[in-house]
Amino acid sequence: MTALLTLDHVSVEIGRSQLLDDVSLSLDRGEILGLVGESGSGKSLTALTIAGLLPLIGGRISAGTLRFDGTDMASLGAEGMRKLRGGRIGFVMQNPMTALDPVQRIGEQIDVVSRLHLGLSAPAARARTLDLLRQLRIAEAEAVAEAYPHQLSGGMKQRIVIAMALAGEPDLIIADEPTTALDVTVQAQIIQILTGLVRERGLALLLITHDMGVVAQACDRVAVLYAGRMAEERPVGALFDAPSHPYTRALIGCIPREGMEPGGLKGIPGAVPSASNFPEACRFHPRCALAIEPCRTERPALAPLSGGGQVACHRAEGRPR
Ligand SMILES: Nc1ncnc2c1ncn2[C@@H]1O[C@H](COP(=O)(O)OP(=O)(O)O)[C@@H](O)[C@H]1O
Ligand SMILES: [Mg+2]
């Protein structure tokens, strides 16, 4: 069976900057793929690419192929992509505040999705909206539907944005940092709701986060991006048990653990380079404690790992010889 979504050696440019370089991913129905990496790694760009929204920010796919349910997305055109997005692909954007119209009632904003994408009548759309709100564990669904965004808490707004993504009966949900602005308890609830939907309905979920704790809790597989390239891609258990790429090891080392000294949360020294300053060969080498000469001169290819998955690193652990 072919995957629901595949990115095959996809590169993306904005102006003269190549911001994604040779990204390959696949996602099946019923599966949760985590996409991780520090801020500036290219996670949101990957999301916008899949949602067909690159033209909005002046970007374009410069190489590679995206397939959704067997169809080359390049063959769909702008109108076809618009139908897909909000329909079979639900997109939960990084900032719920920008996704909601401040002067329109919540119910109307959700209704419009199922009217447009499923062709429902106004009363049928509203019934569906209320049903969705209840599925997202909003008890006062009628009252919330009548409210304006500013009357709701951050956690509630995030649920509304998820309801909008679900309203068109998607097969795939892309959720870009859906819980970053929320407190820990609400964050856990939202993740639980999202994973529950995937398991119950067989949706596919691309869950973008920089929180490795969320990844461990929710994902089946994980792709690690660094400076617009794939560093490592693994089943979640293998990734945490035996991370192969030094960058992945550093990300996992950043998770706060019980018993850690205050201030013992060690970040990774340095920062993700911008496109104008991408280092030669391995882009991580200036920050990598294990770097050797080839890391400065030869780009590491993505190579298969013995327990499944792949890694791009000259110093990788667990590659078959
Ligand atoms: N609209 C844009 N124009 C130019 N550069 C951009 C734009 N959006 C993102 N970038 C650059 O692309 C890189 C990846 O950004 P992004 O995908 O937002 O990262 P992430 O979501 O992982 O934090 C960054 O270097 C960022 O500066
Ligand atoms: Mg982002």
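At 9% relative accessibility, Asp 111 counts as buried, where buried denotes under 20% relative accessible area, exposed over 50%, and partly exposed the range in between (1.4 Å probe, protein chains only). The structure is a predicted model, in which local features need pLDDT of at least 70 and side-chain atom pairs count only at pLDDT 80 or more, while totals for chains, interfaces and linings use all residues. Residues are numbered from 1 along each chain as its sequence is written, chains are lettered from A and ligands numbered from 1 in the order in which they are written, and side-chain values use heavy atoms, with hydrogens and water left out.

Asp 111 belongs to helix H4 (residues 106-118); helices (H or I, at least four residues) and strands (E, at least two) are DSSP runs numbered from the N terminus. Beyond residues up to four places away in sequence, Asp 111 touches Ala 125, Arg 126 and Thr 129, contact being defined as heavy atoms within 4.5 Å.

The shell around ligand 1 consists of Ile 14, Leu 19, Glu 38, Ser 39, Gly 40, Ser 41, Gly 42, Lys 43, Ser 44, Leu 45 and Ile 57, a residue being included if one of its heavy atoms lies within 4 Å of the ligand. By class, this shell comprises 4 nonpolar, 5 polar and 2 charged residues. In this classification, Ala, Val, Leu, Ile, Met, Phe, Trp, Tyr, Cys and Pro are nonpolar, Asp, Glu, Lys and Arg are charged, and the others, Gly among them, are polar. Helix H1 (residues 43-50) supplies the largest share of the shell, 3 residues. An oxygen atom of ligand 1 is 2.8 Å from an N or O atom in the side chain of Lys 43. A polar backbone atom of Gly 40 is 2.6 Å from an oxygen atom of the ligand, and for a backbone N or O atom of Ser 44 the distance to a ligand oxygen atom is 2.9 Å. Of the 560 Å² of accessible area that ligand 1 has on its own, the protein covers 63%. H1 itself is mostly covered, with 7 of its 8 residues buried; Lys 43 and Leu 45 are among them. The helix is followed by Gly 52, whose phi is positive, near 70°.

The largest nonpolar core has 61 residues, a core being a set of buried Ala, Val, Leu, Ile, Met, Phe, Trp, Tyr and Cys residues joined through side-chain atoms within 4.5 Å. H7 contributes the largest share of this core, 8 residues. A second, separate core of 33 residues includes Leu 33, Leu 48, Leu 66 and Ala 223. Leu 133, one of the residues with the most contacts inside the largest core, touches residues including Ile 110, Ile 138 and Ile 160.

Pro 170 occupies the loop between helix H7 (154-167) and strand E7 (172-176) and is buried, with a relative accessible area of 5%. Although 82 residues separate Pro 170 and Arg 88 in sequence, their C-alpha atoms are 3.8 Å apart.

Positive phi values occur in residues other than glycine at Asp 22, near 65°, and at Glu 177, near 50°. Asp 22, in strand E2 (residues 17-27), is partly exposed at 30% relative accessibility. Glu 177, in the loop between E7 and helix H8 (184-201), is buried at 5%.

Methods:
A polar contact is a pair of N or O atoms within 3.5 Å; within protein, one must be able to donate a hydrogen and the other to accept it, and residues adjacent in sequence count only if both atoms are side-chain atoms. Accessible areas come from the Shrake-Rupley method with a 1.4 Å probe; for residues, only the protein chains shown count as cover.
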